[in-house]
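Welcome! Take a moment to look over the sequence and turn the model around on your screen. Then use this briefing as a guide to its main features.

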Amino acid sequence: PPMIPIAPCANAAQDVSSLQKTIVVQPNPNQGSFWIQIEEGQIENVKVYDVLGSLLIAKDQIKSKGCEVKHELPPGLYYLTIQFDEAHSITKTIVVL
């Protein structure tokens with residue numbers, strides 16, 4: 001079959017790596033709450049998922065550079081998705097002790 005050229009996404013990797021550097025999630029590991037802080041832009045929403053992909057926590061319409069997430073999650077590994085706008089989101093791993 002003929003090869004179809006596909007153009008790479010312009011600056012996609014650079015955008016993600018620059019966002020990764022400007023996000024702070026602390027403390028991690030945590031025991032009941034953690035803070036998310038970004039240097040540029042605003043956090044739109046935050047979601048926490050378990051390892052099976054079930055949504056456990058959702059905070060919407062934050063529109064701030066930082067927020068605290070309080071929880072009563074059992075000890076384990078979780079995935080934190082931070083949405084900045086329709087085009088940018090980052091997923092980080094958090095540990096609850």
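A polar contact is a pair of N or O atoms within 3.5 Å, where one atom must be able to donate a hydrogen and the other to accept it.

**The chain as a whole**

- The chain is built from one helix and seven strands.
- Starting at the N terminus, its elements follow the order α-β-β-β-β-β-β-β.
- Of its 97 residues, 30% count as buried.
- The accessible surface is about 6600 Å², and carbon and sulfur atoms make up 56% of that area.
- Among contacts with a separation of 6 or more, 48% come from residues 24 or more positions apart.

- The average pLDDT of the chain is 85, and 78% of the residues score at least 70.
- Where is confidence lowest, and where is it highest? Helix H1 (residues 12-21) has the lowest confidence, with a mean of 53, while strand S4 has the highest, at 97.
- Over residues 10-14 the pLDDT stays under 50, and the model has zero contacts beyond four places in sequence for this stretch.
- Where pLDDT is low, the predicted coordinates should not be read in detail.

**The four-stranded sheet**

- An open sheet is formed by four strands in the order S4-S3-S6-S7, with antiparallel pairing.
- Strand S4 (55-59) and strand S7 (88-96) are the edge strands, so each of them pairs on one side only.
- On average, neighbouring strands of this sheet are turned by 20 degrees against each other, direction ignored.
- Strands of a sheet pair through backbone hydrogen bonds, either parallel or antiparallel.
- How many bridges join S3 to S6? Strand S3 (residues 45-49) is joined to S6 by five bridges, and the two run antiparallel.
- S6 and S7 also pair in the antiparallel sense, over nine bridges.
- Two residues lie between S6 and S7, which form a hairpin.
- One of the bridge pairs is formed by Gly 76 and its partner in S7, Val 96.

**A closer look at Gln 83**

- Gln 83 belongs to strand S6 (residues 76-85).
- Which residue stands opposite Gln 83? That place is taken by Asn 45.
- Leaving out residues up to four places away in sequence, Gln 83 touches Gln 42, Ile 43, Glu 44, Asn 45, His 88 and Ser 89.

- Asn 28 sits in the loop between S1 and S2.
- Is Asn 28 buried, exposed or partly exposed? Its relative accessibility is 35%, so Asn 28 counts as partly exposed.
- Apart from neighbours within four places in sequence, Asn 28 is in contact with Thr 93, Ile 94 and Val 95.
- The side chain of Asn 28 has a polar atom 3.0 Å from the backbone oxygen of Thr 93, and this side chain also reaches the backbone nitrogen of Val 95 at 2.9 Å.
- Asn 28 and Leu 97 are 69 residues apart along the chain, and their C-alpha atoms are separated by 9.3 Å.
- The peptide bond from Asn 28 to Pro 29 is cis, with omega near 15 degrees.
- Another cis peptide bond joins Gln 26 and Pro 27, where omega is about -10 degrees.
- Pro 27 lies in the loop between strand S1 (23-26) and strand S2 (33-38), and Pro 29 is in the loop between S1 and S2 too.

**Positive phi values**

- Most residues other than glycine have a negative phi, and most peptide bonds are trans.
- Gln 61 has a positive phi, near 50 degrees, and lies in the loop between S4 and strand S5 (66-70).
- With a relative accessible area of 69%, Gln 61 is exposed.
- Lys 63 has a positive phi near 50 degrees, and its place is in the loop between S4 and S5.

Key
Residues are numbered from 1 along each chain as its sequence is written. This is a predicted model: local features need pLDDT of at least 70, side-chain atom pairs count only at pLDDT 80 or more; totals for chains, interfaces and linings use all residues. Side-chain values use heavy atoms; hydrogens and water are left out. Contact means heavy atoms within 4.5 Å. Axes are lines fitted to C-alpha atoms, for helices over the stretch in contact, and angles run from 0 to 180 degrees between N-to-C directions. pLDDT is the predictor's confidence in each residue, from 0 to 100. Buried means under 20% relative accessible area, exposed over 50%, partly exposed in between (1.4 Å probe, protein chains only). Accessible areas come from the Shrake-Rupley method with a 1.4 Å probe; for residues, only the protein chains shown count as cover.
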